[in-house]
Amino acid sequence: MGKKRGYSRWNDDEEKALRTGVAKYGEGKWKRILADQGLMKYLDGRTNVDLKDKWRTLSCAEAGRPTRPNPNSKSANRNATQKIAADQLKRRAEIIKSRIA
């Protein structure tokens with residue numbers, strides 16, 4: 001793995017360049033945005049993953065959504081649901097075995 005970089009806060013120019021790049025190339029075109037000659041000087045030292053993460057944070061903030069999932073959300077309860085489904089499958093298997101025997 002590569003060397004771990006330290007965290008660097010985003011300044012206003014970087015955020016503006018990111019917004020400009022997304023408007024020009026579209027969301028998800030992070031490498032294209034980084035390669036843009038006009039934006040390159042503002043985004044120097046940032047990776048495509050940095051851009052993706054910052055864009056997610058900005059988008060969530062503008063939409064009024066939390067940037068991290070709610071622990072009470074459906075996705076957080078997925079493991080519990082999967083456990084229940086596994087238990088149900090086990091019971092069905094036992095019923096089928098008892099009918100065959």
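Helices here are DSSP runs of H or I with at least four residues, numbered from the N terminus, and Glu15 has its place in one of them, helix H1. The structure is a predicted model, in which local features need pLDDT of at least 70 and side-chain atom pairs count only at pLDDT 80 or more, whereas totals for chains, interfaces and linings use all residues. Residues are numbered from 1 along each chain as its sequence is written, and side-chain values use heavy atoms, with hydrogens and water left out.

Helix H1 covers residues 12-25, and its 14 residues reach 20 Å from the first C-alpha to the last, close to the 20 Å expected at 1.5 Å a residue, where the expected span is 1.5 Å times one less than the number of residues. At the start of H1, the backbone nitrogen of Asp13 has a side-chain oxygen of Asn11 within 3.1 Å, while just after the helix Gly26 adopts a positive phi of about 100°.

The buried residues of H1 (under 20% relative accessible area, with a 1.4 Å probe and protein chains only) are Glu14, Glu15, Ala17, Leu18, Gly21 and Val22. Seen down the axis of H1, these residues fall within an arc of 160°, so they line one face of the helix; the arc is taken from the directions that run from the helix axis to the C-beta atoms. On the other side, Asp12, Lys16, Ala23 and Lys24 are exposed, a term that stands for over 50%. The buried residues pack against helices H2 (30-35), H3 (37-40) and H4 (48-63).

Beyond its neighbours within four places in sequence, Glu14 is in contact (heavy atoms within 4.5 Å) with Arg9, Tyr42, Leu43 and Arg46. Glu15, with residues up to four places away set aside, touches Trp10, Lys54 and Leu58, and a polar contact of 3.3 Å links its side chain to that of Lys54.

Lys54 also belongs to the packing of H1 on H4. The axes of H1 and H4 lie 11 Å apart at an angle of about 90°, which makes the two helices roughly perpendicular, a label for angles of 65 to 115 degrees. The contact is formed by Glu15, Leu18, Arg19 and Val22 of H1 with Leu51, Lys54, Trp55, Leu58 and Glu62 of H4.

Terms used
Polar contact = N/O pair within 3.5 Å; in protein donor to acceptor, adjacent residues only side chain to side chain. Axes fitted to C-alpha atoms, helices over the stretch in contact; angles between N-to-C directions. Parallel < 35°, antiparallel > 145°, perpendicular 65-115°, else oblique.
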